[in-house]
Amino acid sequence: MSRTQKWRLLGLLAASAVAVIWVVPFAWMAVAALRPGIPADTASLTPAGPFGLRNFHDAWQSGSFPLWYLNTVVVCSGILAVQLVTITAAGYAFARLTFPGREVLFALFLLQLLLVPPLLIVPNLATLVSLHLYDKLLGIMAPYFASAFGTFLMRQTFRTIPRDYEEAAMLEGATVPALIRHVLVPLARPGLAAFAIVSVTAHWNEFLWPLMAVSSPSSQVLTVGLASFASGAEAGSAWGVVAAGTFLVAGPLLLLFLLFQRRFVASFLFSGIK
Amino acid sequence: MEPITRRAALGAALAVPAAAALGSVARAASPTEIDLFFPVPVQGNLANKMRELIERFNTEHPDVQVTAVYTGSYDDTNLKTRAAIKAGRPPAAVIMSANFVREYVINEDADPFDPLIEHAGKTPDTFMDEFWPALQPNSVIGRRIYGVPFQNSTPLLYYNVSAFTEAGLDPDHPPANWADWIAAGKALTKTEGGQTRRWGLMFPATYDYCGWIVSGLTMSNGGQYFNHDYGGEVYYNAPSTLGTLALLDTMVNRLKVVPPGVSDANACTSAFFAGHTAMMVLSTGSLSFVRENMKLPYRVAFMPKNVAKRRSDRRRVADPAQRQFIGAPSRRLDPDQLVDEPRDRRRVEPVHRLFRAPQGGL
């Protein structure tokens, strides 16, 4: 075995070990979700049974999942749609336009990333109330319409694109909006895709802000709904039902990941997010 | 009766000025709209049950429209309530852990219930008399009522009947005092080749469980864990608290009948269901969950008390009612009976009146 082969094997082993560690919680969740009641060997990954779909039935009955799915999809896609516009525009401004104080402004923009979101709960809520957005789905989305991370990512992405393309388009008489739409955005698509994944995952999984911003049961999202039957503080958890409920919440994202796995990995490799 | 400590969810009337203002504006045309925040402290589809109750209230009271808002855990509920108050959208009422009520009172974010009670034609005293006396200290701060006892939970001793029989103990007579409790723990612990197969006792210590249970045991040791009349004073080094710690130290470190380290409530129930612990101390709020999931025969009892210590306490011997209390046999609780809470509140001795810390403070 040559030296490179040895390293390769070692790398493969290390990667497999990480993969096993990563997959254990998912595997346990799958096993637990399929076991009704509270079996004595509840921690087992390879139980004897019996198995059944009762937990999924119970979890589904515990809340209004169709409504929660709808609200979550509306929130995630609403945030993403606005973000894609704002981060493209802001990213372009920071990457290509020259104006006084550009670097300082960009640094200030990045400072936002250092703030812990819970710090802003009260001021954000006060703003929502004054804008009459409290207890509305739009209120959950509003604070995320501008994304410092997305702006940074798009700025970096735009800067990797050679200016030759833009100059060629400008010679043909393209305006700035046309330039962004027809030249930069198509070339920056992997960056946008990577950002979309991060954004959707983050807002799909978010718990605290939706809990704060919305009160009516009709505007509840998945995470808050799941917690309503999964987080009994004074009793043991019905693990099976909790696992089934978690599956219902995480399922769509997992499915998307499996379907578009190749593209996701390609986008991440391109954009350098790990 | 046993140490009834807080862990109650209390309804606190919050920032009534805002709600009242809303009421006077809206009354003419449409029903008054108010929010009720509630956590889900106990297992089960309580969120759905709460919604059913609120719907019933709304149909019976067309002039008030209550929105029941599920607000997560105890801490999330606290967080959401504070944020909503600061944002100018306070809920009319909140169900939350009694631990938090004093904080709202200090910050002047909560209004007392007294005017509402008087409006309903009762005096605060007659109103509080509707509740077990032991539940009252949670609700009253500075002689005003800031909470209504609701879903109060107390620590219970759950025990596995087959394990008792197997260890030669009488399941009809669960341990009633600390000495019996320690002996039972020893008899119930099963070790095999240096490994513990069955623990004598488990109790949770995550979140505020440890403080809650120590608080209960301190009461059953004749003392108080903290000053009920003056929030902020905790009796860490009082003999009654030190006695409780000595009990825990004995059971965990010396006799090893309780697993070391911090167990959470899930670990306790899982171990109890699997027969890996013969006794556990857990909330009354867990009773439904245990009833639904425990397949082995089990019963519940009051937390054992330290009778010897109590007799030696001079302050209490003066009270004739209390002598009766000490002499009363510890009764075995029937789990089924306890869930359908008996209406006769005479069953419960007014613990706080007997063992209350000296008056003073506020």
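**Close-up views of a predicted model**

**View 1. Y207(B) is partly exposed, since 15 other C-beta atoms lie within 10 Å.** A residue counts as buried if 20 or more other C-beta atoms, placed from the backbone, lie within 10 Å of its own, as exposed if there are 12 or fewer, and as partly exposed in between. This is a predicted model, in which local features need a pLDDT of at least 70 and side-chain atom pairs count only at pLDDT 80 or more, while totals for chains, interfaces and linings use all residues. Residues are numbered from 1 along each chain as its sequence is written, and chains are lettered from A and ligands numbered from 1 in the order in which they are written. Y207(B) lies in the loop between β10 (195-202) and α9 (209-220) of chain B, where helices (H or I, at least four residues) and strands (E, at least two) are DSSP runs numbered from the N terminus. The phi of Y207(B) is near 45°, a positive value in a residue other than glycine. Most residues other than glycine have a negative phi.

**View 2. E108(B) has a positive phi of about 55° although it is not a glycine.** This residue is found in the loop between α4 (101-106) and α5 (114-119) of chain B. E108(B) counts as exposed because it has 8 C-beta neighbours inside 10 Å.

**View 3. Strand β10(B) takes part in both an antiparallel and a parallel pairing.** Two strands are said to pair if DSSP finds at least two bridges between them. Strand β9 (residues 190-192) of chain B runs antiparallel to β10(B) and is joined to it by 3 bridges, and K190(B) has R198(B) as its bridge partner in β10(B). The hairpin of these two strands has 2 residues between them, and in this hairpin G193(B) takes a positive phi near 55°. With strand β11 (residues 277-283) of chain B, β10(B) pairs in the parallel sense over 3 bridges, and here L201(B) stands opposite M279(B) in β11(B).

**View 4. The largest nonpolar core has 55 residues.** Such a core is a set of buried Ala, Val, Leu, Ile, Met, Phe, Trp, Tyr and Cys residues joined through C-beta atoms within 7 Å. The members that touch the most other members are V75(A), L125(A), I140(A), M212(A) and A213(A). Helix α3 (residues 65-96) of chain A supplies the largest share of this core, 10 residues. Leaving aside neighbours within four places in sequence, A213(A) is in contact (C-beta atoms, placed from the backbone, within 7 Å) with L125(A), L128(A), G139(A) and I140(A). A second, separate core of 42 residues includes F164(B), I213(B), Y225(B) and V258(B).

**View 5. Helix α8 (residues 163-171) of chain A lies largely in the open, because the number buried among its 9 residues is 0.** Just after α8(A), G173(A) takes a positive phi of about 95°.

**View 6. Chain B averages a pLDDT of 76, and 74% of the residues score at least 70.** The pLDDT is the predictor's confidence in each residue, from 0 to 100. Over residues 1-28 of chain B the pLDDT is below 50, and this stretch has 96 contacts in the model beyond near neighbours in sequence. Residues 309-362 of chain B also have a pLDDT below 50, with 74 contacts in the model beyond near neighbours in sequence. Where pLDDT is low, the predicted coordinates should not be read in detail.

Methods
Two residues are in contact if their C-beta atoms, placed from the backbone, lie within 7 Å.
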